[in-house]
Structure formats: structure tokens, C-alpha cells
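This briefing concerns one protein chain and is intended for a reader who will examine the coordinates directly. Please view the sequence and the structure before turning to the notes.

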Amino acid sequence: MRKIIEFKTGAKSSQDIVAKTRELWADSIDLGGLTCQYSATSYYFGRCKGLDDCLSFNGQLWQQGQSFPLWDEGCGAGGWNASSRALIEFLSAIRYRRFLNSSMTNQLLDATLEDSNENSTALAWDRPWSADGQTNLGKGGDSPGDSFETHTYITRLPNNCDAVILVNTDVSDNPASLLINAYQYSIGEDAAPPNYYDIATNGKGDGETISRVAVNTVRTGASENQHVVAFKNNYGSLKLAAWNVDPEEGQITFKDDATAGTADGALAIHAKELAISDGVNFATASLGAADELTVISWKYDGAKLTQYGLGFGVEAQEVAVAKAQGTGTTGRVVTAIRTMGGNLRLDVWEFNNTNKTVTLKDTYNAGAAQEIAIKTLKFGAYLSSTARVVTALRNGGGQLQVDVWDVNSSGQLQRLGKGLFGAVTATTNSLFKIAIDTEGEGGDFFDTFGFMTAFINEDGKAQIATWRVSGEGMIVDKRGDDIYDDEMSDLAASASTVTMRRSSDDKLRTVKWKINSNGGIAGYSARKDELTIKRVSATANFFTAFQLTNDLLRVYNWKITE
């Protein structure tokens, strides 16, 4: 667009484009305040990064800054900024056709357009949103800075009304969610006012060179959380690293590591792909050099990692694992794999860390599947308990499919109900396209019957859906869905929060959704980071492990407050 403007008008700089815009139409309708120049007297705020001139407010340290350079070099289709009053006047000028003719204005304001996948879209606006049976147009934007930004959202409302919101602090880029949900609350569509989440890192740790990563929760407590990260090391072997976290102060302490080995300890266990279950006594599931499934039982006692039994399964292309039963040295996990034939297979494994055995208890073979994820929906504290797990995958038709499974006291699988939703993008380079969150924040919805799926849809956008399972497990009801309107290539989910790798620049995005007690979605808050990543895994409330673009391991503890 910049090149077109330069060619048609002879403009050579951002200053020229602003002057030409004012000459052609802005001045004539009293919109001379629109500019691509940032104000030299305007300051924005972001989290302190150890600078001497940080400010203290509400228990947090902040830094103050300005956009630089003062003229946006991308001035053209984007790069414009204005006061909230000027933006309202701009929306009014569009509504009352003050600078576009009727035909072009009608095209711009058409809220009935659909893209090639029959999703709602619009010309030059963000994805339309709905309230009270009416589709509404809106547009968001950011003014970038060095760890500080201002976030803006403008929207058209029913009854000839317009609205603008500006946020001058780079905490979470959620003005669209705040404004839309405030309106939906005002007309009675939402039962509660909009929520704002402060998403902040609260401690980090760094590790060695890796090429795959998964993280678990060993235990959580008021004074300490414990996590184990499983990864493929620089030699292609399965390796584990344990970290203890002070949840308040954010201090992350590395405690121990261990490389998985054969029963005699002579050889390291190779890992093409890998996954890890939760618990003090837990299991890793990995695919070996010959693609064979390898299940290993472990224990982390808060200070030391210990390997116990090994079990071997069939060849596979993908692997996921979830705990099912048992809190002591004996327990069961369920692995979900994509077989070499491209189908879903579930295996129940019983481990006994006292006698160092891992035994296959049951198997279930199902249909075509990709992007397989599995999570515990209802954990059985004892082997005699009945446990329930849920899988999410891309089925043979390209749709998101969720299935509910029970594991009985004998370790036998029973397939229960299923649900279907939108299309999921196909696999590329072993990146995660589907994730499941069964814990949320421990709220009313996530009570062993409700869960959330996150997936990358066929447009490459991150999308979530909430689900409710009936008591007997046969009915799986979708309660809500929402889209984060940006293209992503990898994601993980925990605590109603999705961490993602943005496709265009590999940068980390963290989005926290508000899930109501009935599964309805009441908006989100989002955080942008400059950290560039290749892969991400998430657990608990809220701990993440990343493979950075330089292939090093990094872990973050997060603090999310409402």
C-alpha cells in the first residue's frame, strides 16, 4: 500500500503521506489530527526490565518510554495514530459517508462477507463480532515501543453508535475483548462484566540444547511447585530436568537431571518424539530410533530423579500420555499414539516402581488421526478407582474430534461419547496443532466434567472450544468457542491459557481466556513477547517450557492475576 500511495501521489516520506492525506480529505472534514507522527509529549508504560528509572505502582515495577522514531516508517495502510476523540470522529465520518462515496462506503461497511471457508470477514476490518443478533465491525492496532505499547480498538455498535478504547500500558493487548464484553454485559448477553488479566513472567530458568520438549506437574503447593521437563538432547537422547519453583517470589531452582537409559544402563534411550505424565511417580512416552513406543516410569522426590521400569510398544509417528490411576509407587498411564498406518491407538500401562516393571494392560485401536492430544479428566487415586481421560485429534475428515474414555479397576479401556467441531490445519514439522486443558483455574467448569481444547484452525488462527461431558460420559456438549485472530504454528494449553508461536515472526503469544461456570467464554487478555521460540509445552497454573529459536531450553513461571 505504501508503494501505491507513493506512486499515485509522488509522496516520498511519511511526512509527505500525512500532508497529502490532509490535503486530499482529512482537513476538509476536520480530521487533521490523524498523523503518523508519535507525540513527543506522550508516554507509554511497560514492565520494568531492571532499569534504574523504574516506577513502583500497585506492587509492580514499571518503566516509562516513548515510541521511536517519532515518525512511523510504515505510514500508509497502517502506522496512523490519533486521540480517542479523533478516532470517534473518524468512525463518524465513515458512518455518514463524509469522505467515501456511497458505493465504496457500502463495501467497507458490509458485515455479511465470508471468506473461502465460509467464516465471517470484512473489508479492512478485523473479524466481525456479534451481539444481540447483529454483526458488528471493529479494528485493533498497536503503537510499538521498547517493551511498552499503546493498544487501541475501534468498533461500530448498533443504533448508530461507535466506540473507541485506548490502553497506554503494555500488559495485555485486550482492548477489543474489554470493549466487546462490556457491551455484551450491558445488553444482558454476558452474566458478568468483562475481565482483565495481568499476564506476567515470574521467574525463568535456562538449560541446554534441545530439539523436542514437554513439561509436567509433579506437585503444587503454597510454598513450592515442582516440575519435570522432558526433552530430546543434543545427542538425540531422552533427558529429564527437574525444577522447583517459589510461586510467589518466582525463583526457579534447577534440582537434578537424568538421561534415560536401557535396563542395564549401558545405552541411552533415543527419542524422536516425547511426552510426559504428571505426578510424583510419573511416566515418559517416547518414540525410539526405530519408531518404537518406549514407556519409562520415574519418580521425582523434590530433589532427585530416579528411573525405574521400561515398557515397549508398537511403532508410531506421534505420541501423547496422561496419568490415569494411582498416587503411590504403582500407577497407570494411558498413551495415545498415531500408528504407522495413520490411526489412533490407546494403550494402558501399569507401572510398579518397587519391582521396576511397566506392563501393558489394554489396547484400543480406532480410526484415522493426526495431532493427537490426551489429558486426564478424572484421576483415580487408587488402582481400584475408575479414571477418565479425554483425547482430541484431527480426524480423517480434517475435523477436531474429542473422545471420552474410561479406565476401569482392571486397567481396561471403554470408549464413551465424542464431539466434533471445526477444521484443524494439517501437521507440519512435529509442531502441536491441538492441546487440551482439563484443569483451568480449578473453577466450577473444570470439575472433572468440563474441559477446553485449543487448536490451529484451517486458516492458521488459534481457536478454542469448551466442552461438557455428561456423568456417564456418553454426551459431549460443546459450550463455547472463540478465535484469537492471528496465525500460529504451535501451541500449548493449561489454566485456561494458551501459549503459542506466532507464524509470521516465531514470537511468543500468551492468551488467557475467561471461562464461565457454564463453559461460556467471556473474553480474553493477551500478552505479546519478543521471545522467539520453536516449540512450547505448558502445565499447571502456570509453568511453561520452550525450545527457543537458538535451540536452547528455557522455562518460565507465570503469575496471572485478575
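The notes below proceed from the whole chain to its strands and then to its aromatic side chains.

The model is predicted. Its chain comprises five helices and 32 strands. Of the 562 residues, 53% are buried.

**Overall dimensions and contacts**

- The radius of gyration of the chain is 26 Å, which agrees with the value near 24 Å that a compact globule of 562 residues would have.
- Taken along the principal axes, the box filled by the C-alpha atoms is roughly 85 × 50 × 45 Å.
- When contacts between residues at least 6 apart in sequence are considered, 52% of them join residues at least 24 apart.

**The ten-stranded sheet**

- Ten strands form an open sheet in the order E14-E15-E16-E17-E18-E19-E20-E21-E22-E23, and their pairing is antiparallel.
- Strand E14 (273-276) and strand E23 are the edge strands, since each pairs on one side only.
- On average, and with direction ignored, neighbouring strands of this sheet are turned by 25° against each other.
- Further along the order, strand E17 (residues 305-325) and strand E18 (residues 330-339) run antiparallel and are joined by eight bridges.
- Within this pairing, glutamine 325 stands opposite arginine 332 in E18.

- Strand E15 covers residues 281-287, and seven of its seven residues are buried.
- In a regular strand, side chains alternate between the two faces of the sheet.
- One side of E15 carries Asn281, Ala283, Ala285 and Leu287, the other carries Phe282, Thr284 and Ser286, and both faces are covered.
- E15 pairs with E14 in the antiparallel sense over four bridges, and isoleucine 276 stands opposite threonine 284 in E15.
- The hairpin of E14 and E15 has four residues between the strands, and glycine 279 in the turn has a positive phi of about 115°.
- E15 is also joined to strand E16 (residues 292-300), by seven bridges and in an antiparallel arrangement; here serine 286 stands opposite threonine 294 in E16.
- The hairpin of E15 and E16 likewise has four residues between its strands, and aspartate 291 takes a positive phi near 70°.

**Strands E24 and E25**

- Strand E24 (residues 434-437) points Ile434 and Ile436 one way and Ala435 and Asp437 the other way, and all of these residues are buried.
- E24 and E25 run antiparallel and are joined by four bridges.
- Isoleucine 434 stands opposite phenylalanine 455 in E25, a residue that is buried with a relative accessible area of 0%.

**Aromatic pairs**

- The count of aromatic pairs comes to 14.
- Phenylalanine 421 belongs to strand E23 (residues 413-423) and phenylalanine 455 to strand E25 (residues 450-456), so the pair ties together parts that are 34 residues apart in sequence.
- Phenylalanine 421 has a relative accessible area of 18% and is therefore buried, the limit being under 20%.
- Ring pairs also link Phe542, Phe546, Tyr556 and Trp558 into a cluster.

**Charged ends over rings**

- The charged end of lysine 323 sits over the ring of phenylalanine 379, at 4.6 Å from the ring centre.
- The charged end of lysine 512 sits over the ring of tyrosine 197, at 5.3 Å from the ring centre.

Key
Residues are numbered from 1 along each chain as its sequence is written. This is a predicted model: local features need pLDDT of at least 70, side-chain atom pairs count only at pLDDT 80 or more; totals for chains, interfaces and linings use all residues. Side-chain values use heavy atoms; hydrogens and water are left out. Rings of Phe, Tyr and Trp (its six-membered ring) pair if their centres lie within 6.5 Å; planes under 30 degrees apart count as stacked, over 60 as edge-to-face and the rest as tilted. Helices (H or I, at least four residues) and strands (E, at least two) are DSSP runs, numbered from the N terminus. Buried means under 20% relative accessible area, exposed over 50%, partly exposed in between (1.4 Å probe, protein chains only). A charge sits over a ring if NZ of Lys or CZ of Arg is within 6 Å of the ring centre and within 35 degrees of the ring normal. Two strands pair if DSSP finds at least two bridges between them. Axes are lines fitted to C-alpha atoms, for helices over the stretch in contact, and angles run from 0 to 180 degrees between N-to-C directions. The radius of gyration is taken over C-alpha atoms; the globule rule is 2.2 Å times the number of residues to the power 0.38. Contact means heavy atoms within 4.5 Å.
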